[in-house]
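Trainee: Could you show me how to read a sheet and a core, one step at a time?

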Amino acid sequence: MNQDYKVVGREIKRIIADDIVTGKAVFTDDLRVTGMVYGKVLRSPYPHARITRIDADRAKACDGVHAVVTYKDIPDNIYITNQMTPAPHYRPLNETVRFVGDPVALVVADTEDIALDAMELIEVEYEELPPVFTIDEALAPDAPQLYDVFPGNIAPPIFPGLDDLDFKVGDPEAGFARADIIVEMDGEIKSGQNAMPAEAPVCIAQWNDDMLTIYGSIAAPSNCQTYVAASLDIPYERVRIVAPCVGGSFGSKLFVGNVVPPVLTAIMAKASGRPVMFSYTKEEHFACHQTRMCTKSHVRLGVNREGLATAIEMTQYADAGVCASTQENMLSVGTASLPLLCKTDNKRYKGTVVVTNKVPSGSFRGYGYMESSALVNRAIMRACIGLGLDPVVYYEKNVLRHGERYYNALNQKEPWQYNASPDWKDTIHAAAEGFRWKDRFKGWGIPSRADKSRRYGVGMGLSGHSDIGGMASNTNVTMTSAGGVMIQTVMTEFGSGVRDVYRKIVAEELCIPVDRVRVSISDTSAAPLDFGSIASRSTYSGGISAQRAARDLKKNLFQLAEERLGIPASDWDFKDGMLKRLSNPEEVHDLHEILIYPDSLSGTGHWPGIDNATIMHVQFVEVAVDTETGLIEITDHFGGSDAGTIMNPRAAYNQMTSFFAGLDVAIREETVWDKWDNKVLNPNLIEYKARTFNEAPPHDHVCLESTKGRESDFPFGAMGIGEPIISPSGPAITMAVYNACGIELEEYPYLPAKVLAALKEKEDRA
């Protein structure tokens, strides 16, 4: 394969760079539609209650109010659903409210202020019902039942042929019999981390007869189109989604979690007969949108003296909050982390989704496998301590190599797959050298250095998953007779630079300057369906479909050249905007000779989905633990990834340096729920302790290009690196704290009080 690329791996100016830095970039909140009015939501003050009386007459009578909608005003067939989730259960407005913040009434008015004033006039009386706030409470024999369709508060699995939440492969018991150490432990993730994109959910909905158009901050328009249509119980083709610039997502503007805002907006637009803008306040964004799912897990891991995993068993419960939707898929994706952590075919897994009286949980960067890998990495740490094994040695031995087979619980039609990605051992080795692990790791429970009350320790963590090709991508590429090229895709731009990647792939394939390639707006009525920029699949899956579309365009162009010039299609090449004979390189034809002005020609590209691709990220950290205050400080950080081929150097650098959100799930970020009603008590950026850019610790990284210039399944050898970057941080910090002062912390976030309590317990035992 030619490694002398013209645009791949070279810096180019981003499509919307000027607009972003000058403030001209158009986000949903910047849009205005003729006749547009505004919507607000009256929310429940109770975690579980039945509405016994609701009177909105005074609100409806206010000047400037266009509509007030309650559960009595919407059809019985409207649910928040994706047509695949468990039996329809969660309604956007319902007689029963199930968390503090659940919508009770919708108000549409000329201004937000009028809507808020009218909202105060709505009279609501409730009958309080007993709630369940945790997984254990929900599973108790006498627990209140949230939905009749979910006996025991358990949502049954529903993705036939896709997610397998109850599987056994190999012979786990035989594997455990061969182990020299067996670690068995429990763990919970209950911090409810918030994704915190800068832009809160915002939508504009407009009905034209029976056609619904939604402009919104939506990261996966095709998914949203499907889910909105299913939720409103209308045909798919009657919903159009347009996504302008999206102010960040980090997973939170995908799937069912981000369908509630457009569905509520659509209901308000239908009731008022006007286009409606509805935007969450930052408080609503924190308290009512979605959080990372909480999980409760048990793991049993067997490892032999050579450092190879011999068997693993895992039981996991996920807290869906009030809406069971994609949590099943997240658990299944979590099992896709196991092939990166435990090189054994002896596996047993059982996952269960539970509903509680809590804000819905949903997708988040590190989708599903941050939760599973947090506990499995801790089990690996305990096994390595017991065997006196350097963790780098363990991970290098157990991580997938190129061509090795693994079990993929997400693809039951083809569960055994073969790693098409690079040897991940090389990434671990390169990152360990970059961090100087051999010099800094002094042994288990031994500080790397000390300074007064501060004890320093180093640690590492690894995470990834084995399903980055999941679901289909489609792209169209059109060339005009003037030589300009338009890519039609619904892939949105929310910071990752994916649309610039597409431009490079198409320009490289067509051998034309990248500035002649443009990308359509993200509009489901103007571009083919695509699963979306999710799970680091954009460059791989979407990129393959874009490359195939460009190749199909060339094939069609060569066929047209044969028809018009009588020269066989097999004898043509296209380079620098010109048609050239392969058999006679001196014979060159201008594009106008083939594609007569004004005309254009298109190519289509399709990628069917899951196909043996894996992704991995490794991190090394040094922490300083202050034994007097309990404060944990990250004093050094080093990350390792393999992009196959780096498409956008600056974008890859930015992805690698976005690690610090992972640090803070471990040592800072926590959604605090009131123990009496599960109300979120810190729905703001003051009390929710997130790290800012200027608080990022010292950092460096290595990003390999293992498939650059080589034959591979990836477009020009390139694959994504972004999604797993936050997941290894917690395990690395857990290990580093243990090495600094001999305590193993178990519950995120590791706040100073927990550190001091663990140090006191250690002292008491001594």
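Trainee: Which residue of strand 12 is the bridge partner of Ile214?
Mentor: Strands in a sheet pair through backbone hydrogen bonds, in either a parallel or an antiparallel sense. Here Ile214 has Ile241 as its bridge partner in strand 12. This is a predicted model, in which local features need pLDDT of at least 70 and side-chain atom pairs count only at pLDDT 80 or more, while totals for chains, interfaces and linings use all residues. Residues are numbered from 1 along each chain as its sequence is written, and side-chain values use heavy atoms, leaving out hydrogens and water.

Trainee: In what sense do strand 11 and strand 12 pair, and over how many bridges?
Mentor: Strand 11 (residues 211–216) and strand 12 (residues 239–243) pair in the parallel sense over four bridges, where pairing requires at least two DSSP bridges and a strand is a DSSP run (E) of at least two residues, numbered from the N terminus.

Trainee: What is the order of the open sheet, and which strands stand at its edges?
Mentor: Its eight strands follow the order 3-5-1-13-10-11-12-26, with mixed pairing. Strand 3 (65–69) and strand 26 (522–523) are at the edges, and each has a single partner strand, so one side of each lacks a neighbour in the sheet.

Trainee: Which residues have the most contacts inside the largest nonpolar core?
Mentor: In soluble globular proteins, nonpolar side chains tend to be buried together. Among the 145 residues of this core, Leu232 and Phe620 have the most contacts inside it; a core joins buried (under 20% relative accessible area, 1.4 Å probe, protein chains only) Ala, Val, Leu, Ile, Met, Phe, Trp, Tyr and Cys residues through side-chain atoms within 4.5 Å. Helix 11 (residues 369–387) gives the most to this core, with nine residues, a helix being a DSSP run (H or I) of at least four.

Terms used: Buried < 20%, exposed > 50% of the residue type's maximum accessible area, 1.4 Å probe, protein only.
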